[in-house]
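Hello,

Here is the structure we talked about. Please have it open while you read the notes below it.

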Amino acid sequence: MRKIVNFLWFDDQAKDAVDLYVSLFDDAKILDTSHLTESVAEAAGKQPGEVSTIDFELSGQQFTAFNGGPMYTFSEATSIAVNCKTQDEIDHLWDALAEGGEILSCGWLKDRFGVTWQIMPESLDIMMRDPDTAKADRVGAAMLGMPGKLDMRELERAYRGE
């Protein structure tokens with residue numbers, strides 16, 4: 001049995017969302033899909049056989065996407081953080097997830113399904129936790145000046161004091 005799984009409640013777009021997410025990560029896969037039974041579909045006002053849940057994995061992290069209906073929506077209070085090794089990886093994920101969504105600030109975006117993502121360089125956490133608070137402050141100021149996608153090179157330049 002899986003102990004901890006991130007559970008994502010969609011109106012009826014779970015399959016489209018999972019298809020996008022799985023296409024973006026090399027080490028992603030769909031683990032299982034369940035469909036509405038007759039009695040559950042009738043109670044939910046849906047058709048038997050429609051997708052109910054999809055279990056999937058992104059970079060070793062397990063998720064379940066659920067078509068639960070419109071009564072609950074996502075907010076920025078919960079996000080999926082992705083630590084990227086390169087600017088190319090940041091650019092690739094950012095462009096795909098931001099398409100049709102909403103650009104927030106400081107490396108945050110909301111995808112077209114309403115899920116909030118943080119797309120950032122893996123070095124950001126190290127730089128922001130540096131015991132040299134002047135370095136961390138320069139990185140924080142540089143990040144706050146970026147209206148959307150993070151620029152890894154600019155963050156690293158700020159860290160070095162350039």
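This is a predicted model: local features need pLDDT of at least 70, side-chain atom pairs count only at pLDDT 80 or more, and totals for chains, interfaces and linings use all residues. Residues are numbered from 1 along each chain as its sequence is written, and side-chain values use heavy atoms, with hydrogens and water left out.

**Overall**

The protein has six helices and eight strands. Helices (H or I, at least four residues) and strands (E, at least two) are DSSP runs, numbered from the N terminus. The order from the N terminus is β-α-β-α-β-β-β-α-β-β-β-α-α-α. Along the principal axes, the C-alpha atoms fill a box of roughly 65 × 30 × 25 Å. Of the 162 residues, 42% are buried. Buried means under 20% relative accessible area, exposed over 50%, and partly exposed in between (1.4 Å probe, protein chains only). A contact means heavy atoms within 4.5 Å. Take the contacts between residues at least 6 apart in sequence: 61% of them join residues at least 24 apart.

**Leu-31**

Leu-31 sits in strand S2 (residues 28-35). Beyond neighbours within four places in sequence, Leu-31 contacts Asp-55, Phe-56, Glu-57 and Gln-62.

**Cores**

A nonpolar core is a set of buried Ala, Val, Leu, Ile, Met, Phe, Trp, Tyr and Cys residues joined through side-chain atoms within 4.5 Å. The largest one has 32 residues. Phe-10, Tyr-21, Phe-56, Leu-97, Trp-117 and Ile-119 have the most contacts inside it. Two or more residues each come from S1 (6-10), H1 (14-24), S3 (51-58), S4 (61-67), S5 (79-84), H3 (87-98) and S8 (116-121). H1 gives the most, with seven residues. Apart from this core lies another, of ten residues, among them Cys-106, Met-127, Leu-150 and Tyr-159.

Leaving out residues up to four places away in sequence, Trp-117 touches a list that includes Tyr-21, Phe-25, Leu-58, Leu-97 and Trp-108.

**H1 and H3**

The buried residues of H1 are Ala-14, Ala-17, Val-18, Leu-20, Tyr-21, Val-22 and Leu-24. Their cover includes S1, S2, S3, S4, H3 and S8.

H1 and H3 pack at about 170 degrees, with axes 11 Å apart. Axes are lines fitted to C-alpha atoms, for helices over the stretch in contact, and angles run from 0 to 180 degrees between N-to-C directions. That makes the two helices roughly antiparallel, a term for angles over 145 degrees. On the H1 side, Leu-20, Tyr-21 and Leu-24 meet His-92, Leu-93, Ala-96 and Leu-97 of H3. By class, this contact has six nonpolar, one polar and no charged residues. Ala, Val, Leu, Ile, Met, Phe, Trp, Tyr, Cys and Pro count as nonpolar, Asp, Glu, Lys and Arg as charged, and the others, Gly among them, as polar.

**H5 and H6**

The axes of H5 (residues 133-144) and H6 (residues 152-160) come within 7 Å and cross at roughly 150 degrees. H5 and H6 are therefore roughly antiparallel as well. Lys-135, Arg-138, Val-139, Ala-142 and Met-143 of H5 contact Leu-155, Ala-158, Tyr-159 and Arg-160 of H6. These residues divide into six nonpolar, no polar and three charged.

Best wishes

Definitions and conventions:
Parallel < 35°, antiparallel > 145°, perpendicular 65-115°, else oblique.
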